[in-house]
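Let's take a friendly walk through this model, with the sequence and the structure side by side.

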Amino acid sequence: MKLDRFISNNTPHSRQAARLLIASGRVTVAGERVCDPRFEVDQFVAINLDEALLQYRPALFFMLHKPVGYLSATSDPEHATVLELFAPELRDELHIGGRLDRSSSGLLILTNDGSWSRRLTEPKVKLPKTYHVTTLRPISSETAERFAAGIYMTTEQLTTSPAKLEQLAEYECRLTIYEGRYHQIKRMFHAVGNQVVSLHRESMGAIQLDPALAPGQYRALTAAEIASVDQASTSS
Ligand code: URA
């Protein structure tokens, strides 16, 4: 939003009066005087008119070690949700950037910054997401080739982006995918005649699940982790 519109929306001043106030140097954005009425401001920056603070909403970014059994939803009549693991004052603010199934565990990212979380999940950004997978049947030697070629999904009528499978044991692999379609990994294994027994997300782009977090614990993302998503989306 442009600064003059922000001032007129959040004070009794008209748009024209707002432009004059800005041009006369009475408005600061993040502590810096801004005299250009067309300056773009986002929803999280501190904006002052003289001494009055008109807006300040901190941007929030967290990683949660999601335990199995919790639903990736804000509320649900039947199941416990991941939001219930957060302090009550944070629950109404946060949304999930890239869900996990109730039976899956691992890295879940929550934020109140919608444009940042879109960059995290947008298929065209092709952010790699890595999972530790265990299966019901032995992982065949063809599975890696089939996943690298892409699996056709009948519901969406599309082929998944090439995925990278690293075999760790007969029933165990590390799988990297570049989208996050509904039940994607379960459906990919189903397509090759196998079945997922457990699924644990280890990383999203450069953000890795912190090994210090026990299931159910969360911590704020670091500035470098937050910036890594912006870097990934500008280079895509
Ligand atoms: N793919 C799945 O099938 N489930 C998940 O939770 C994540 C990816």
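## After helix 2

G25 comes after helix 2 and has a positive phi, near 85°. Helices (H or I, at least four residues) and strands (E, at least two) are DSSP runs, numbered from the N terminus. This is a predicted model, in which local features need pLDDT of at least 70 and side-chain atom pairs count only at pLDDT 80 or more, while totals for chains, interfaces and linings use all residues. Residues are numbered from 1 along each chain as its sequence is written, and side-chain values use heavy atoms, leaving out hydrogens and water.

Which residues of helix 2 are buried? In this helix, residues 15-23, they are A18, L21 and I22. Buried means under 20% relative accessible area, exposed over 50% and partly exposed in between (1.4 Å probe, protein chains only). Looking down the axis of helix 2, the buried residues fall within an arc of 95°, so they line one face of the helix; the arc is that of the directions from the helix axis to the C-beta atoms. An α-helix has 3.6 residues a turn, so residues three or four places apart point the same way.

Turned away from the buried side of helix 2 is a face with the exposed residues Q16 and L20. The cover over the buried residues includes helix 1 (3-10), strand 1 (27-29) and strand 3 (47-49), where contact means heavy atoms within 4.5 Å.

An open sheet is built from 4 strands in the order 2-1-3-4, with antiparallel pairing. Two strands pair if DSSP finds at least two bridges between them. Strand 2 (32-33) and strand 4 (52-55) are at the edges with a single partner strand each, so one side of each has no neighbour in the sheet.

Strand 3 and strand 4 are antiparallel and share 3 bridges; L49 sits opposite A52 in strand 4. Helix 1 packs on the sheet and touches strand 1, strand 3 and strand 4, its direction making about 105° with that of strand 4. Axes here are lines fitted to C-alpha atoms, for helices over the stretch in contact, and angles run from 0 to 180 degrees between N-to-C directions.

## Strand 5, enclosed

Strand 5 (residues 61-66) has 6 of its 6 residues buried, so it is largely enclosed by the rest of the structure. F61, M63 and H65 point one way, and F62, L64 and K66 the other.

Strand 5 pairs antiparallel with strand 7 (residues 105-111) over 6 bridges, with L107 as the bridge partner of H65. Strand 5 also runs antiparallel to strand 15 (residues 218-220), joined by 3 bridges, and there M63 faces R219.
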